[in-house]
Amino acid sequence: MRNLVVKWFLQSSSSFTCPYFSRSSPFLLSSRWYSVSAPRGNEEAETVVFPREGPGFSYGLHWALAAKGVLVKENAFRNLESSELQRKGAKIVDSLAGLPVYVRGSIVGGASEISKSQFGKLLKQVSNHISSISDVFVHDGAIGSSPKCDAKVRVISDSPSAVLSLSNVLWKTPTRAVSHDSCPLMVYVATSISPGVGDTVGLGAQGNKGFIAADIERSSLILCGKAFSDTNGIKEALASLSGPIISSRGGLPLSGRLLVSGDSVVLLFSPYQTIQSCTESFVSADAGVILSSEGVAPYFQSEKSGGTNLFKLPAAVILASSDSSGSIPSASKLSPGQAAYHFLAGYQNGKFLPAYSNGSSSIDLLELAKALLSKVKS
């Protein structure tokens with residue numbers, strides 16, 4: 001007598017309605033199969049067919065993407081090298097700047113708002129779009145390079161060009177580090193989605209270049225159209241999203257720059273306009289470092305990083321201010337309390353730039369100043 005259970009399953013699988021066996025199911029997506037025979041005494045052996053893992057097909061990755069709303073149509077390629085991405089059609093595109101940035105969550109200044117409903121609708125539209133693409137590209141990386149205080153990031157894209165661009169921004173992270181992380185940031189990239197998607201969800205017409213949308217509560221970032229080539233906008237959005245995660249892990253997300261001379265490390269706070277003539281001296285021209293008990297690290301990798309991603313604790317902290325009135329001394333040695341005050345104020349020639357941050361912030365700046373005071377004292 002044949003195995004009735006297996007026979008029933010095979011005969012009824014086409015009408016099975018469980019959502020896990022929809023078109024996204026890893027068990028139904030691949031043309032690569034192997035067979036397992038299950039003999040039953042003297043009965044004829046039954047053959048159960050399962051897909052075989054290989055390039056572009058991984059059970060674990062497919063399920064992980066499905067949990068984030070992306071149902072892989074055919075292939076999902078993860079962490080390809082630059083040469084592999086180029087063979088898949090990746091191209092280096094011209095940089096853009098100043099694209100619209102929408103941020104939802106607890107923030108301080110710097111970005112237009114997007115409602116919870118609007119972001120939810122946009123995320124669904126983008127997820128469905130990526131799900132309709134035959135080849136999906138995934139890249140795992142990190143913001144910061146201290147294993148204890150970084151923020152893991154997973155990029156899910158419909159384009160190898162976008163992954164190539166973002167892989168030059170994020171730090172490398174060990175295999176499966178994102179899968180094992182409790183709260184990774186998710187970046188959804190839809191380069192070929194309709195330009196009218198912003199209007200569809202109520203954000204208004206966005207033109208043909210695209211836009212950036214972030215939700216701090218969801219730990220999610222969406223890049224539509226050519227937004228993946230606006231590196232500065234992406235970095236500012238990722239900095240806002242990663243702030244709460246980095247803080248919860250004992251790190252201080254700061255809008256500072258690192259100056260390294262020999263064996264000495266200096267942490268500098270200054271508006272870009274004040275120090276733009278000497279940016280070549282910094283580890284990275286970007287304003288963004290994570291200060292922790294392990295040392296100090298830039299948010300993002302750059303050509304100047306030279307493979308070094310974690311520096312020892314700063315020997316000095318410098319706060320630069322511009323003042324045409326002459327009321328501030330040209331140079332002063334500050335106590336820890338005075339340093340925390342000037343850091344929080346961010347005085348710049350009659351104006352204030354709290355915590356020296358140009359972009360939106362998801363961190364309470366007063367608490368950030370207190371934490372910096374504590375670090376300086378110790």
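## Terms and model

Two strands count as paired if DSSP finds at least two bridges between them. Helices (H or I, at least four residues) and strands (E, at least two) are DSSP runs, numbered from the N terminus.

This is a predicted model, in which local features need pLDDT of at least 70 and side-chain atom pairs count only at pLDDT 80 or more, while totals for chains, interfaces and linings use all residues. Residues are numbered from 1 along each chain as its sequence is written, and side-chain values use heavy atoms, with hydrogens and water left out.

## The chain as a whole

The protein chain contains ten helices and 18 strands. Of its 378 residues, 45% are buried, meaning under 20% relative accessible area with a 1.4 Å probe, protein chains only.

Among contacts (heavy atoms within 4.5 Å) with a separation of 6 or more, 66% are between residues 24 or more positions apart.

## A three-stranded sheet

Three strands form an open sheet in the order β11-β14-β15, with antiparallel pairing. β11 (252–254) and β15 (295–298) each have a single partner strand and stand at the edges, so one side of each has no neighbour in the sheet. From one strand to the next, the twist averages 25 degrees.

Strand β14 (residues 289–292) is joined to β15 by four bridges. Ser292 stands opposite Gly295 in β15.

## The helix across the sheet

Helix α10 (residues 365–377) lies across β11 and β14, and runs at about 110 degrees to β11. Axes here are lines fitted to C-alpha atoms, for helices over the stretch in contact, and angles run from 0 to 180 degrees between N-to-C directions.

How values were computed: Buried means under 20% relative accessible area, exposed over 50%, partly exposed in between (1.4 Å probe, protein chains only).
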